[in-house]
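Have the viewer open as you read.

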Amino acid sequence: MASVSVSELQETLKIKLDYNQLTNCMRCGFCLPACPTFKETGLEAESPRGRISLMKAAVDGLMEPGIRFEDQMNHCLGCRACEPACPADVKYGQLIEQAREAIEMHTVQHRPWVKIVRKLVFNQVFPHQNRMKLLGKGLRFYQKTGLQTVVRKTGAVGLFSKQMSSMERILPEASSNGIVEQLGTRIPAKGKKIATVGMFRGCLMDVLFTETNRKTVMLLAEAGFEVIIPPTQNCCGALHAHSGEMDQAKLQAKNNIRAFEEANVDYIVSNAGGCGAILVEYDHLLHDETEWQERATWFAKRVKDISTILVEKGRPLQFAEPVTDDKALRVTFQDSCHLKNVIKASNSPRTLLNGIANVEFKEMKDAGSCCGSAGIYNVTQPAMANQILDHKMVNANATHAEYIVTSNPGCLLQMKLGIDKHGDNKAVQAVHIVDFLYDRLVKQ
Ligand code: SF4
Ligand code: SF4
């Protein structure tokens with residue numbers, strides 16, 4: 001039985017997919033060694049070239065896009081490691097989003113209750129920060145009242161799925177008290193002001209990683225930036241765009257553009273690679289809406305990752321690991337795919353880590369290859385996500401690092417999961433780069 005309304009999907013693919021991009025692919029295969037799903041399976045259909053061929057064959061009417069087509073599109077991590085490897089500059093990230101948008105419009109693979117939950121979460125929870133905070137409150141209640149202990153002891157989460165049970169174990173402490181509540185909306189620069197930056201606080205970041213957000217603001221202020229946190233900003237829309245919910249992603253982009261325009265900032269800073277990658281592409285996201293083009297471009301060209309702005313624009317800060325014995329603290333870095341392949345900011349985190357006194361930076365083999373987190377991929381495609389993570393942890397463990405540093409919340413949780421499964425919880429920790437730096441900041 002086909003899982004999609006095949007002919008309708010075929011017609012929508014013809015409308016949505018950029019045919020020029022499909023024909024730009026010259027089938028050279030240079031992207032194959034960069035693709036995690038191809039490396040894991042060795043299957044052409046699980047490679048960028050294979051997926052582009054499938055899309056083109058569907059549009060050309062050479063095959064019917066049925067359940068296998070849908071599965072191959074969903075198996076892609078969206079990591080975009082294939083893009084820098086491509087000599088023809090094929091915009092694969094755009095193609096996969098267009099294909100998923102079409103699939104999302106016609107799939108019958110989701111059960112009715114899944115469709116309802118998806119719509120509820122994507123359209124009624126993520127875009128509204130007050131509802132995200134309520135979620136944080138509920139989660140905190142669960143974590144602090146003993147309910148979590150009962151659930152863990154009885155194995156109740158495991159009844160839903162083994163993956164959910166593993167993820168529940170590594171969930172950080174939630175908060176309903178975000179950075180605006182903690183710090184206000186304007187934080188002055190320390191010393192002479194270099195520029196005014198708008199802080200993109202994220203939706204989940206401000207609920208599960210509030211402390212990282214707070215430390216981001218503090219680092220920016222120390223480096224000479226006045227920080228504005230526009231309170232009306234909302235979720236970046238990345239999860240929506242990667243899941244085929246393009247209309248909702250566009251709505252959120254427009255709201256964020258309005259919020260940061262009002263703040264009139266010189267830069268917009270993100271501390272999450274996944275969010276930063278869509279923020280920097282708002283001009284593309286809204287490319288077919290003429291009246292938003294100029295505004296989206298204004299926004300996109302201001303976006304900087306926290307590491308990059310500290311390295312390139314900020315007053316130099318000093319960081320040091322307190323020496324407890326003769327040995328330097330060994331750290332390694334797991335790239336966020338979107339930070340590396342879309343924002344192209346893989347050098348700045350390494351510059352910062354290499355600059356910390358008494359810290360030895362050890363590069364991990366294939367640090368730039370996806371860890372398997374990829375938004376909600378590790379929930380929707382747990383088998384492939386875990387296979388990728390298993391290989392990642394072999395490389396991470398080979399560095400003998402005491403800290404695996406990351407720059408994206410999803411990667412951070414995935415690394416924690418990896419340590420839980422394959423590492424030594426007492427000897428290795430996963431940490432966001434902002435927390436790692438702030439905790440070693442030498443106050444002037
Ligand atoms: S986005 Fe990542 S997983 Fe998808 S085809 Fe490209 S390299 Fe492979
Ligand atoms: S590297 Fe680019 S042109 Fe070559 S097969 Fe991959 S997507 Fe096509």
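## Ground rules

For residue classes, Ala, Val, Leu, Ile, Met, Phe, Trp, Tyr, Cys and Pro count as nonpolar, Asp, Glu, Lys and Arg as charged, and the others, Gly among them, as polar. By that scheme, the shell around ligand 1 splits into 9 nonpolar, 2 polar and 2 charged residues.

This is a predicted model, where local features need pLDDT of at least 70, side-chain atom pairs count only at pLDDT 80 or more, and totals for chains, interfaces and linings use all residues. Residues are numbered from 1 along each chain as its sequence is written, chains are lettered from A and ligands numbered from 1 in the order in which they are written, and side-chain values use heavy atoms, with hydrogens and water left out.

## The two ligands

Of the 13 residues around ligand 1 (a heavy atom within 4 Å), Cys35, Cys76, Cys79, Arg80 and Cys82 come nearest. Helices α3 (36-41) and α4 (48-59) each give two or more residues to this shell; helices are DSSP runs (H or I, at least four residues) and strands are E runs of at least two.

Around ligand 2 you'll find Cys25, Cys28, Cys31 and Cys86, among others, including Arg27 and Arg49. Its shell has 9 nonpolar, 1 polar and 2 charged residues.

## The sheet

Five strands form an open sheet in the order β1-β3-β2-β4-β5, with mixed pairing (strands pair if DSSP finds at least two bridges between them). β1 (186-187) and β5 (303-305) each have a single partner strand, so one side of each lacks a neighbour in the sheet.

Strands β4 (residues 267-270) and β5 run parallel over 3 bridges, and Val269 has Lys304 of β5 as its bridge partner.
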